Amino acid sequence: MKNDLALIGLGVMGSNLALNIADHGYKIAVYNYTQDLVDKFKNENSHPNAEPFYDLDKMMASLKAPRIIIIMVTAGKAVDSVIEALKPYLAQGDIVLDLGNSNFNDTNRRFRELQNLGVVFSGVGVSGGSEGARHGPAIMVGGTKEAYDKFGTILEDISAHAYDGKPCCAFMGNGAAGHYVKMVHNGIEYADMQLIAESYLVLKTLGGFSNEELAQIFESYAKGPLESYLIKITAKVLKEKDPKGQGNLIDYIVDKAGQKGTGKWTCQAGFEVGVDLSMIDAACNARFISGSLKERTLRSKECKAQSVESLSSKEALIKKVENYLYVGKIAAYAQGFDLYAKASKLYDFDLNLGKIAEIFRAGCIIQAKFLNDITKAYERNPTLSNLIDDPFFKEKLELCLDDAREISILAMKNALPTPVMYEALAYIDGMRCSCVGANLIQGLRDYFGAHTFERIDEEGFRHHNWSN
Ligand code: 6PG
């Protein structure tokens, strides 16, 4: 009996996805360029529906037509190498799916290249880490709807399912839309995580809470409006014991954060489209600053502002930080979804913003209760110009903004770096302010460069002969 599909790339993500597919009754051929990972798969993951191959030729011959081939290798050159190796075998109507974190510009290029050969290509965003890949990730598919109808059921079957039974997999839109949606998901993930880290810093430094207390605080947050995967695992990470038996592991982790690039790509995409992604930018910058640990530590000895001033009651601090996080979350999603809306028009993706929030409800890293509220907001008004205009979020902002400001001021007075939260407030204030000082920018531009400006009482652009 022929295999239903194939998967190339047997790293952790690839192996887990293959097993997930096999568990759902599909017969899958698996292959890796280096023999060691095929051996490893054979030894550790033997499955009646998964057939390992050492030879691409034989793997391709084992497939039903039209052949469906999933590529799950490191984004970048490796994807192009796999496509090149596949080309001699590919026939009209075959389907190639790239499930890695590829850059959407590469996806567009590969889409056109394979389309010219009559081969269907789709860039597919997958979120949920290795556990998600094994037991149900969120899946964001691009390409064409017509092509999706030929393979979408497989991906829907293996995806996570939300509490209402809906699969967290859908056709997102045309061309590179799947990878674009995943890229922005990761950008939001950066902001979400940095907000949590800043809240941790405030609670730890100004509240003086122990790791166990901090874990309990995040557990309590996970029962309220902030309920989310990231908040839940924050509690777990904080209470994990050090395997060397010296207290909590968190206190032994070096204060430097890495990044693989999708956050940076989101920021670049924001500049390209002209959307304010200040929180994601700040989250990337915070990771850059974290890298200079040695210099930071030296300077911290001279920093005078570290006199700890806190709120009088610890209970008040916990509640206010919860509201501070909630405001930050609304602003981060408002920015990310604004990029979706504007990029959709610019690139003809035809994205459905409510649908994006719907498939983020389970399986992915940013899965959260909050996403239901975003879906509802877009159901109430599919052309909503910004999340902060939705009546539900407007009301939440009114309730929480004062606390967010108070915590931010407190952090600032104590020289605690909470850049993403500052940006959240700057964004909300900017978006709700009728004068942001741009009249002066225009005046200055016209003064030194005759760039012209518009008057409030007349149509059209004009230059003014400024007196000295
Ligand atoms: C996911 C994750 C996943 C990964 C990213 C972010 O949705 O499953 O976003 O794609 O964790 O690569 O990694 P960095 O923080 O290293 O950029």
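Where is Asp350 found? In this predicted model, Asp350 sits in the loop between helix H14 (314-347) and helix H15 (353-359).

Let's start with the backbone. Most residues other than glycine have a negative phi, and most peptide bonds are trans. A few spots here go the other way. Asp350 isn't a glycine, yet its phi is positive, at about 60 degrees. Thr452 isn't a glycine either, and its phi is also positive, near 70 degrees. You'll find Thr452 in the loop between helix H19 (438-449) and strand S9 (453-454).

| Residue | Phi | Relative accessibility |
|---|---|---|
| Asp350 | about 60 degrees | 61% |
| Thr452 | near 70 degrees | 21% |

Exposed means over 50%, so Asp350 with its 61% counts as exposed. Buried means under 20%, so Thr452 at 21% counts as partly exposed.

Now for the peptide bond. The one that joins Ala65 and Pro66 is cis, with an omega of about -10 degrees. Pro66 has its place in the loop between helix H3 (56-61) and strand S4 (68-71).

Finally, have a look at a pair of helices. Two packed helices are described by the angle between their axes and the distance between the axes. Helix H11 (residues 262-273) packs against helix H12 (residues 278-290) at an angle of about 145 degrees, and their axes are 9 Å apart. The crossing of H11 and H12 is left-handed. On the H11 side, Gly263, Lys264, Thr266, Cys267 and Phe271 meet Ile280, Asp281 and Cys284 in H12. Sorted by class, that contact has four nonpolar, two polar and two charged residues.

Notes. Residues numbered from 1 in each chain as written. Predicted model: local features only at pLDDT ≥ 70, side-chain atom pairs only at ≥ 80, totals over all residues. Heavy atoms only, no water. Helix = DSSP H or I, 4+ residues; strand = E, 2+ residues; numbered from the N terminus. Buried < 20%, exposed > 50% of the residue type's maximum accessible area, 1.4 Å probe, protein only. Axes fitted to C-alpha atoms, helices over the stretch in contact; angles between N-to-C directions. Left-handed = near helix turned anticlockwise from the far one by under 90°. Contact = heavy atoms within 4.5 Å. Nonpolar A, V, L, I, M, F, W, Y, C, P; charged D, E, K, R; others polar.
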